[in-house]
Amino acid sequence: MASWCVRAVRQSYSLVVSPALVRASPRLLCTATQQKNGQRSEEEAEKPEQNSAEKVLMEEKTQLEEQLKEMTEKYKRALADTENLRTRSQKMIEDAKLYGIQGFCKDLLEVADILEKATESVPKEEVTSQNPHLKNLYDGLVMTEVQIQKVFTKHGLVKLNPDGQKFDPYEHEALFHAPVEGKEPGTVAIVTKVGYKLHGRTLRPALVGVAKAP
């Protein structure tokens, strides 16, 4: 039994220190080293490729962001232009509704002027019951003038009679400047022809004489 154990130990030792195994070990180590180096070289080769791909992606991202920013700015400008166009169109429509009758009103102003002159030319002392024909004619002219002024007011046409008011070049047209007793300089002393405004816009300026300092 003891001799058998000794033989087993010797065989095991011979296997451990076998020249074949000793010669094979450097080869195994070299193969492992080569495999390891190969893996490293592959990883190092992959890194530049990854860096290049990442760089390309970053450039594409930057370009897309710039394009998105540019398109957003264009979209905002287009919206602003559209809103401005809509506002202008709405204003033009409203102005057309308000001032579309401007030419017609100017023609009617001449009729109103004639009516006013006609009523003013009638001697008031002659308008009595003793002269019924003249009285009826005068009353008809006055009623017509009142009615036409009501129609004017209904459609936004307002008379301007600036007697005694401060001269306004946007509403009055000065025919002359002269010293007038009892009138402050720069005020309207005489109105030779009344003016009119249509919805706040001067349709016809009043023709006036303006007082000035002596």
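Two rings of Phe, Tyr or Trp (its six-membered ring) pair if their centres lie within 6.5 Å, and planes over 60 degrees apart count as edge-to-face. Keep that rule in mind for this predicted model: by it, the count comes to 1 aromatic pair.

**First stop: the ring pair.** Select Phe152 and Tyr196. Their ring centres are 5.8 Å apart and the planes stand at 85°, so the pair is edge-to-face. Now colour by sequence position: Phe152 belongs to helix 4 and Tyr196 to strand 4, 44 residues apart, so to speak a link between distant parts of the chain. Are these two residues buried or exposed? Phe152 is buried, at a relative accessible area of 3%, and Tyr196 is buried too, at 0%.

**Next: the core around them.**

**Then: Leu198.** Centre the view on Leu198 and leave aside its neighbours within four places in sequence. What is Leu198 in contact with? The contacts are Leu98, Tyr99, Gln102, His155, Gly156, Leu157 and Leu203.

**Last stop: the surface.** Switch to a surface view and select Leu175, Phe176 and Ile190, which make a nonpolar patch of about 250 Å². Phe176 lies in strand 2 (residues 172-178), and with a relative accessible area of 34% Phe176 is partly exposed.

Conventions:
Residues numbered from 1 in each chain as written. Predicted model: local features only at pLDDT ≥ 70, side-chain atom pairs only at ≥ 80, totals over all residues. Heavy atoms only, no water. Patch = residues over 30% accessible without salt bridge, like charges linked within 9 Å, V, L, I, M, F, W, Y side chains within 5 Å. Areas by Shrake-Rupley, 256 points an atom, 1.4 Å probe, with all protein chains shown as cover. Salt bridge = Lys/Arg side-chain N within 4 Å of Asp/Glu carboxyl O. Helix = DSSP H or I, 4+ residues; strand = E, 2+ residues; numbered from the N terminus. Buried < 20%, exposed > 50% of the residue type's maximum accessible area, 1.4 Å probe, protein only. Contact = heavy atoms within 4.5 Å. Phe/Tyr/Trp six-rings, centres within 6.5 Å; stacked < 30°, edge-to-face > 60°.
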